[in-house]
Amino acid sequence: MLTTYLFILLATFAVASAVATILSRHAVTSALFLVLNMVSLAGVYLLLKAQYLAVIQILVYAGAIMVLFLFVIMLLNTDKEESVLKQISLKMVVSFLLGTAVLAQLLFAVAGWTDTLPMISAAMTEVGTVEAIGDQLFTRYVLPFELTGILLTAAVIGALLIAQHHNKKGTS
Amino acid sequence: MISLPWFLGLSAVLFTIGTIGVLIRRNAVVMFMSVELMLNAVNLSLVAFSAHFGDVHGQMLVFFALCVAAAEAAVGLAIIIAIFRNNLSVDITKINLLRW
């Protein structure tokens, strides 16, 4: 019963902070609400007994990626936009309708398959521990794991190269 | 234990909010954050399926997706900085160099 209340609480936090992310006027506010969203999603992962991914979610997303976002927002010094709610136009209405269509389709897909899902046993939920993940990671998935290192190195070098300031004429 | 459709419903709602965010915002950084929201929603449904079916491979996929998302965020933000340097704006309605 407690897990149900926790789920409702975390889901409310996640949805509310997601809405606040896309609606807030300043980019920094958006970023901080996104951090709240990530943290509540990590709580949902804990409810699903995926401890490792919950910790990784906070470390990688709330720790690393959002700091990157905040640094970029600081570098760009964008002004406060006009509130999204004040610039309602045809484009926004169409966007909202498209979003509703996407939501309806997803919920229809979820609702259509609920009775075919299997019942849950206690043993089924014990796969999210660090032992289970690490066991797979260093045996079956060791090659993708090493390739991830190469990918991250390439991404860092590429990001440095793209964001570098060029002083040569013509390239600016 | 809460049943699987609740988690999938939450994932669907978050994904939709991300979609609407990409469509209605003009600030490139906030659009990028909305893309991260959508990525997270998909990760949530993967973890939910993985936990309910007792299959660890879904969580492995989420792990690799997180790594790719980190790389993607680094490169994407670098691109946004480069665009800002050329246009002095991250408003996507003003970035129309390739517009016909």
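User: Hi! Before we start, how do you define helices here, and the expected span of a helix?
Analyst: Hello! Helices are DSSP runs of H or I with at least four residues, numbered from the N terminus. The expected span of a helix is 1.5 Å times one less than its number of residues. This is a predicted model, where local features need pLDDT of at least 70, side-chain atom pairs count only at pLDDT 80 or more, and totals for chains, interfaces and linings use all residues. Residues are numbered from 1 along each chain as its sequence is written, and chains are lettered from A in the order in which they are written.

User: Great. How far does α3(B) reach, then?
Analyst: From first C-alpha to last, the 31 residues of α3(B) reach 44 Å, close to the 45 Å expected at 1.5 Å a residue.

User: And what follows α3(B)?
Analyst: Leu88(B) does, and its phi is positive, near 55 degrees.

User: How do α6(A) and α3(B) pack?
Analyst: Their axes, lines fitted to C-alpha atoms over the stretch in contact, are 8 Å apart at an angle of about 10 degrees. Angles run from 0 to 180 degrees between N-to-C directions, and those under 35 degrees count as roughly parallel, so α6(A) and α3(B) are roughly parallel to each other.

User: Which residues make that contact?
Analyst: Among them are Leu151(A), Leu152(A) and Ala155(A) of α6(A), and Ala71(B), Ala74(B) and Val75(B) of α3(B). Contact asks for C-beta atoms, placed from the backbone, within 7 Å. The residues divide into 18 nonpolar (Ala, Val, Leu, Ile, Met, Phe, Trp, Tyr, Cys and Pro), two polar and no charged.

User: Switching topic: which residues touch the most others in the largest nonpolar core?
Analyst: Of its 68 residues, those are Tyr45(A), Leu14(B), Val29(B), Leu44(B) and Val47(B). Such a core joins buried Ala, Val, Leu, Ile, Met, Phe, Trp, Tyr and Cys residues through C-beta atoms within 7 Å; buried takes 20 or more other C-beta atoms within 10 Å of a residue's own.

User: Which element gives the most to it?
Analyst: α2(B), with 13 residues.

User: What does Val29(B) contact?
Analyst: Beyond its neighbours within four places in sequence, Val29(B) is in contact with Ala27(A), Phe69(A), Val72(A), Ile73(A), Ile80(B) and Val90(B).

User: Now chain A. What's its secondary structure?
Analyst: Chain A has six helices and zero strands. Of its 172 residues, 24% count as buried.

User: Is Thr12(A) buried or exposed?
Analyst: Thr12(A), in helix α1 of chain A, counts as exposed because it has 12 C-beta neighbours inside 10 Å, and the cut-off for exposed is 12 or fewer.

Definitions and conventions: Helices (H or I, at least four residues) and strands (E, at least two) are DSSP runs, numbered from the N terminus. Two residues are in contact if their C-beta atoms, placed from the backbone, lie within 7 Å. Angles under 35 degrees count as roughly parallel, over 145 as roughly antiparallel, 65 to 115 as roughly perpendicular and the rest as oblique.
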